[in-house]
Amino acid sequence: MTAALFEQIRAMASDLFGVPVEQITAASSPQTLENWDSIQHLNLVLAVEEKFGVQLSPEEIEEMKSVGETAKLVESKLQATPR
Amino acid sequence: MAIVIQPYGPEHEPAVQEFNRRLQRSSDDPNLVFSKTAIPRWLPPAGNNPVWNEFFVALDGQAVRGAYGLKQEVVFIRGKGLHRVACYHHPLSEGIVDRSYASVGALLARDALARQPLLYALGMGGVERPLAKMLKALGFGLTRIPFYFRVVHPSTFLREMRALREERWRATLMNLAAATGTGWLAIKSVQGIASLRSRPADFVAEEVAEFSDWADGLWDQAKNGVSLAAVRDANTLRILYPPGVTSTRRLRISRNDVATAWAIIGERRKDEKFGKMRVGSIVDCWASKENMTSVVKAATQALEKDGVDLIVTNQSQHAWCSAFEKSGFLKGPSNFIFAASKKFTELLQPLEENRPSFHITRADGDGLPANF
């Protein structure tokens, strides 16, 4: 995963979950971030789709179990999408 | 393992019961339970019925991690005819009690939208509740449906209305008002002044065992006065209010032996916020504008005769709101929300022009079995 992409997802997670960006790591997940509940998970899905112009399938939504996994997913989606 | 959402079948019933047990172990909310049976008790699919309920479960292998219901129905939209839509109800996710499943709520809502893009939800307990927030994030338009009430027995109301008595000073004042009769006087005055504005009507109200052809005539006469309404023809009404069901009652209102309107009334199940009060509800009503006040009067009189302490109703159509206000009903704070998906909202355009004549009541959505 590229550092630039990870930083974008990290900033997005910081905004959504109300946590300073320096406290967000690749391992940050619903178990470690208090505000990462069902609604914020949906907001993360919608934010990713809007920012990167991708459409996430139910399987992909479920893969977003941490900030790092979300970044990996977005990267693979962008690589698979003809630009 | 990937989560897969499927129609709820009898083979999933044990896993749903286990899902319910996990939710109940981690929460003190008794409402966090999904239907134990795959076939809905209320509105099971049957023949060519135009309205029915169906359930879906989110499976993680053999385990159920979420579930929701869709009430399939047909709505009339002025100028755009009849459309099949669905009410999204009872979504439950294991994410409520276990963050590992935080994605399930989004999966359920998106699955419902994929099955029926013309989707709505109703009630939800207010715009700040999780479901309303989630639907708003998905682009649903939210509309608050006004709430009206009429106090029949002021002293009981003042003693029992727990939602208003949460602060001690207010409870003390209400006790004092109940004991001295000043509360009675104040409530009766406000309601009395309001009800004096309406003229007495020359109608006859009778309880009927079931809806028949006369209801089709009323549906056709009044539907062009609304911009949105779930179909309320005789066939649909017989399914929603089948003969023999006594939790709600059907009133037929007529003038000179001609049916002019109908109303559904019922006594609500006991609810903590109403204390020991008997709460009657004007659940639904249907009439052309000129007959609305007579319906409100007939329904109110029937519930007062039953001995209820308070009468409540939710009405979205401005003409009905006006009829209730003219009949001495007071407007209260409402947490009854109508949320329409993006596609549904597109059909309802121009929204600002159409919204005042939406006909949405407590009979819509999934509220009937939960409240009566």
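Me: Which residues in α9(B) meet which residues in α10(B)?

Reply: Keep in mind that this is a predicted model. From α9(B) come M292(B), T293(B) and V296(B), and they meet A319(B), W320(B), A323(B), F324(B) and K326(B) in α10(B).

Me: What makes α9(B) oblique to α10(B)?

Reply: Look at the angle. Helix α9 (residues 292-306) and helix α10 (residues 318-326) of chain B pack at about 50°, with their axes 9 Å apart. Roughly parallel needs an angle under 35 degrees and roughly perpendicular needs 65 to 115, so α9(B) counts as oblique to α10(B). The crossing of this pair is right-handed.

Me: Over to chain A. How do you know that the buried residues of α1(A) line one face of the helix?

Reply: Start with the list: F6(A), I9(A), R10(A), M12(A), A13(A) and F17(A) are the buried residues of α1(A). Seen down the axis of α1(A), they fall within an arc of 160°, so they line one face. The face turned away from that buried side carries the exposed residues A4(A) and A11(A).

Me: What do the buried residues of α1(A) pack against?

Reply: They pack against α2 (38-52) and α4 (67-80) of chain A.

Me: And what span is expected for α1(A)?

Reply: The helix covers residues 3-17, which is 15 residues, and at 1.5 Å a residue 21 Å is expected. From first C-alpha to last, α1(A) reaches 21 Å, close to that value. Just after α1(A), G18(A) takes a positive phi of about 65°.

Me: Why is M124(B) called buried?

Reply: The cut-off for buried is 20 or more other C-beta atoms within 10 Å. M124(B) has 22 C-beta neighbours inside 10 Å, so M124(B) counts as buried. You'll find M124(B) in the loop between β5 (119-123) and α3 of chain B, with a positive phi near 70° even though M124(B) is a residue other than glycine.

Me: What makes P130(B) partly exposed?

Reply: Partly exposed is what lies between the exposed limit of 12 or fewer and the buried limit of 20 or more. P130(B) has 17 other C-beta atoms within 10 Å, so P130(B) is partly exposed. P130(B) is found in helix α3 (residues 130-137) of chain B, and it touches S38(A) and I39(A).

Me: How many residues are in contact across chains A and B?

Reply: On the chain A side there are 16, in contact with 18 residues of chain B. The elements giving two or more residues to the chain A side are α2 and α3 (58-63) of chain A. The largest share of that side, seven residues, comes from α2(A).

Me: Last one: where is the cis peptide bond that involves P350(B)?

Reply: The cis bond joins Q349(B) and P350(B), with omega about -5°. P350(B) lies in the loop between α11 (342-347) and α12 (351-354) of chain B.

Technical notes. Residues are numbered from 1 along each chain as its sequence is written. Chains are lettered from A and ligands numbered from 1 in the order in which they are written. This is a predicted model: local features need pLDDT of at least 70, side-chain atom pairs count only at pLDDT 80 or more; totals for chains, interfaces and linings use all residues. Helices (H or I, at least four residues) and strands (E, at least two) are DSSP runs, numbered from the N terminus. The expected span of a helix is 1.5 Å times one less than its number of residues. The arc is that of the directions from the helix axis to the C-beta atoms. Two residues are in contact if their C-beta atoms, placed from the backbone, lie within 7 Å. Axes are lines fitted to C-alpha atoms, for helices over the stretch in contact, and angles run from 0 to 180 degrees between N-to-C directions. Angles under 35 degrees count as roughly parallel, over 145 as roughly antiparallel, 65 to 115 as roughly perpendicular and the rest as oblique. A crossing is left-handed if the near helix is turned anticlockwise from the far one by less than a right angle, and right-handed if clockwise. Lists of a residue's contacts leave out its neighbours within four places in sequence.
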